[in-house]
Amino acid sequence: MLDSAFFFFFSGLTLGGAVLMLTRRNPVLSAVWLIVSLLGVAGLFLLLGAEFLFAAQIILYVGGITLLFLFVIMLVNLESVMRVRQFRRSWPLVLVLGAALAAEFIILLERGQFKAVILYTIVSRQGVPMGPFGEAAGNAEQVADVLFTRYLAPFEVASVLLLAAIVGAVWMGQRRPEREETGEGEGER
Amino acid sequence: MAHAIPTHYYLIVSALLLVIGTLGVLLRRNIVVILMSIELILNAVNINLAVFSRMYHHTDGQVFALFVMAVAVAEAAVALGILIALFRNRGTILADEMDLLKW
C-alpha cells in the first residue's frame, strides 16, 4: 500500500516535471523542472532497491548536469529567444505521432508477457538483485563487485571517454582570439 | 517487504518518459531544452535497466545504468561546449536557425 503510494508519487513527479520542463518558455524554469523530474527518477531507483543508482543519480544529474545546464543558460540566455515562437511549426503532426507512440507502448506493455513474469517474481522472491555475495551484501557492494571484476575493461574505457569529453569541452568552450581576427577573411561563412 | 507494484507499471512510466523526451527533441526550437530532453530519454533507459535488474535478480543492469550515466555526462559536457562555441559564432540558440549545412 505504501509502496504503491510512493510509486505513484515518484512517477507523477517524473512525468509531471518532464511535461512542465517541455512547455516552459524560460529555459531556467525548464532546468528547475528538469531537476524535479530527475529527483522523481531517483525516487523510482530507490523503490527498485538500487540505492547506489539513487545516490549516483542525485550526485551526477541533480548536482552536476543540471548545474552545467544552468551555467550554460546563464552564458547564452537571450531575451529575444524567450519572445519568439517556442515550438516548431509542425507541432500538431508531432503531437499526434507522439500520442500514437505512447498508446502503442501502453497497449503492448499491458498485453505483453511482462505481467506474467512479474507476477512470478513478485510472488517468489523479495526482489533484491542477487550478486555473488548474496542478499546479505548491500547494493553498493554488489554493484562494485560486478563493476570491478567483470566490467573492469568497460569501466576503464568509460574513464577514457570522460577524459576525452573534458578535453573536448574545454577546447570547444575556450575563446580563440586568432580565429576571430582572421575569421572573416578565410571564408568561414 | 513484498514488492507490490507490477513491473509493467515501471515500464509504462519509462516509455512515457521516453515519449516526452522525444517530443521535446522534435518540438522545441531552443537547443538548451532539446539537450535537456535528451537527458530525459537517457533517464528512461536507466529506469528500464534498473527494473530489469530487479526483475531478473541480476546486478549487471545497474552497472549498465552507471555506464549510461557516464556517457550522459560526457554528452552533456561536449554538447554544451559545442553550444557555447555555436552561440559565439552564430549568435543564436534556436535549432532551426543553424542552417549553415542546409542546402
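## A tour of the interface between chains A and B

Begin by showing chain A and chain B together: in this predicted model, the area buried between chain A and chain B is about 7,800 Å², and carbon and sulfur atoms give 76% of that area. If you select the residues that take part in the contact, you will pick out 90 residues from chain A and 77 residues from chain B.

**Stop 1**

Select helix H2 of chain A, residues 27-47, along with helix H2 of chain B, residues 31-55; their axes come within 10 Å and cross at roughly 5°. Angles under 35 degrees count as roughly parallel, and H2(A) and H2(B) are therefore roughly parallel to each other. To see where they meet, display side chains on H2(A), including A:Leu34, A:Leu38, A:Val41 and A:Phe45, and on H2(B), including B:Met36, B:Leu40, B:Ile47 and B:Arg54. Colouring the residues of this contact by class would give 13 nonpolar, four polar and one charged.

**Stop 1**

Among the residues that make the contact are B:Leu35, B:Ile38, B:Leu42 and B:Leu49 of H2(B), together with B:Phe64, B:Val68, B:Ala72 and B:Leu83 of H3(B). By class, the contact of H2(B) with H3(B) has 15 nonpolar, four polar and two charged residues.

**Stop 2: a salt bridge between the chains**

Across the interface of chain A and chain B the rule finds one salt bridge, while a search of the whole structure finds two over all chains.

**Stop 3: the side of chain A that touches chain B**

Finally, look for polar contacts between chain A and chain B, where the count is 13 residue pairs, with both residues at pLDDT 80 or more. On the side of chain A that touches chain B, the elements giving two or more residues include helix H1 (2-23), helix H3 (51-76), helix H5 (91-111) and helix H8 (152-173). The largest share of that side, 13 residues, comes from H3(A). Coloured by class, the residues of this side divide into 60 nonpolar, 18 polar and 12 charged.

Terms used: Residues numbered from 1 in each chain as written. Chains lettered and ligands numbered in written order. Predicted model: local features only at pLDDT ≥ 70, side-chain atom pairs only at ≥ 80, totals over all residues. Heavy atoms only, no water. Axes fitted to C-alpha atoms, helices over the stretch in contact; angles between N-to-C directions. Helix = DSSP H or I, 4+ residues; strand = E, 2+ residues; numbered from the N terminus. Parallel < 35°, antiparallel > 145°, perpendicular 65-115°, else oblique. Contact = heavy atoms within 4.5 Å. Nonpolar A, V, L, I, M, F, W, Y, C, P; charged D, E, K, R; others polar. Buried area = accessible area lost by both parts, 1.4 Å probe. Salt bridge = Lys/Arg side-chain N within 4 Å of Asp/Glu carboxyl O. Polar contact = N/O pair within 3.5 Å; in protein donor to acceptor, adjacent residues only side chain to side chain.
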